[in-house]
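Welcome! Take a look at the sequence and the model, then read on.

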Amino acid sequence: QLVRWAIPDHILRAAPTAPHRFSVTRFSALATDALRQPPTTTHQRARERLPDGGTVLDVGCGGGAGSLPLAPPAALLVGVDQSAGMLDAFARGGRERGVAVRTVEGTWPQVAGAVPVADVVVCLHVVYNVADLGPFVQALTAHARARVVLELTAQHPLAWQAPYWRRVHNLDRPIGPTGDDALALLAE
């Protein structure tokens, strides 16, 4: 289903900027918001298995919304992201919280060999772009001593745009993969 999300070349060529970039400013704001809000279910599940002074691996860390709220009790946060700008924002957020931070630039699971095992692994809203979920999740699991917390929405986060793509570009967009698709694949 992910193949159907590809934007046709003629639309990409006509776009004034690349549509696949993520705003560091926006992702930093999400991390700031996460620090101000009550703990999410994701953060609660991670804390259940996170010892005082423990380590958290945040795959696709962005600005750190998945892991910064876990420090403390976490004493070390390891962030993996393919964007140097996101990793800079993540590291800055960790320094501001007084927690040790390590960053690894690259795509998971290709960089897994350069990443230490952690007590808890968090991965929020990343799997929408993962074509081969099995190896991705197996690498997450191999890097967690106690728990992996994977967060995703019930529907692909861009599914709401389907009527606009149809109207503007006469292009049908998929609604999946869905959270149920991910669960079925993981169960398999």
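A charge sits over a ring if NZ of Lys or CZ of Arg is within 6 Å of the ring centre and within 35 degrees of the ring normal. Arg 173 gives you an example, as it lies over the face of Trp 165 at 4.9 Å from the ring centre. Please keep in mind that this is a predicted model.

**Aromatic pairs**

- The structure holds two aromatic pairs.
- In one of them, Phe 22 and Phe 27 have ring centres 5.6 Å apart and planes at 75°, so this pair is edge-to-face.
- Phe 22 counts as exposed because its relative accessibility is 53%, and exposed means over 50%.
- Phe 27, at 28% relative accessibility, counts as partly exposed.
- Trp 160 and Tyr 164 also form an edge-to-face pair, with 6.1 Å from centre to centre and 70° between the planes.
- Both Trp 160 and Tyr 164 are exposed.

**The second largest pocket**

- The second largest pocket holds about 270 Å³ of space.
- Its lining is made up of 15 residues, and those closest to the centre of the pocket are Leu 2, Val 130, Leu 133, Pro 177 and Leu 185.
- Which helix gives the most to the lining of this pocket? Helix H7 (residues 179–187) does, with four residues.
- By residue type, the lining of the second largest pocket has ten nonpolar residues, four polar ones and one charged.

**Two residues and their surroundings**

- Ser 67 has its place in the loop between strand S1 (55–59) and strand S2 (76–81).
- Is Ser 67 buried or exposed? Ser 67 counts as buried because its relative accessibility is 0%, and buried means under 20%.
- If you leave aside neighbours within four places in sequence, Ser 67 is in contact with Val 56, Asp 58, Leu 77, Phe 90 and Val 122.
- Arg 166 belongs to helix H6 (residues 162–169).
- Arg 166 counts as partly exposed, at 41% relative accessibility.
- Again leaving aside neighbours within four places in sequence, Arg 166 is in contact with Leu 171 and Asp 172.

**Backbone features to look for**

- As background, most residues other than glycine have a negative phi, and most peptide bonds are trans.
- Pro 72 and Pro 73 are joined by a cis peptide bond, with omega about 15°.
- You will find Pro 73 in the loop between S1 and S2.
- Trp 108 and Pro 109 are likewise joined by a cis peptide bond, with omega about 5°.
- Pro 109 sits in the loop between strand S3 (100–105) and strand S4 (118–124).
- His 125 is not a glycine, yet it has a positive phi of about 55°.
- Look for His 125 in the loop between S4 and helix H5 (133–142), where His 125 is partly exposed with a relative accessible area of 35%.
- Asn 170 also has a positive phi, near 55°, in a residue other than glycine.
- The place of Asn 170 is the loop between H6 and H7.
- Asn 170 counts as exposed, at 56% relative accessibility.

Key: Residues are numbered from 1 along each chain as its sequence is written. This is a predicted model: local features need pLDDT of at least 70, side-chain atom pairs count only at pLDDT 80 or more; totals for chains, interfaces and linings use all residues. Side-chain values use heavy atoms; hydrogens and water are left out. On a 1 Å grid over the protein atoms alone, a cavity is a set of points where a 1.4 Å probe fits but cannot get out, and a pocket is an open set with protein on both sides within 12 Å along at least five of seven lines; lining residues have an atom within 4 Å of a point. Grid points are joined across faces, edges and corners, and a volume is the space filled by probe spheres set on the points. Helices (H or I, at least four residues) and strands (E, at least two) are DSSP runs, numbered from the N terminus. Ala, Val, Leu, Ile, Met, Phe, Trp, Tyr, Cys and Pro count as nonpolar, Asp, Glu, Lys and Arg as charged, and the others, Gly among them, as polar. Rings of Phe, Tyr and Trp (its six-membered ring) pair if their centres lie within 6.5 Å; planes under 30 degrees apart count as stacked, over 60 as edge-to-face and the rest as tilted. Buried means under 20% relative accessible area, exposed over 50%, partly exposed in between (1.4 Å probe, protein chains only). Contact means heavy atoms within 4.5 Å.
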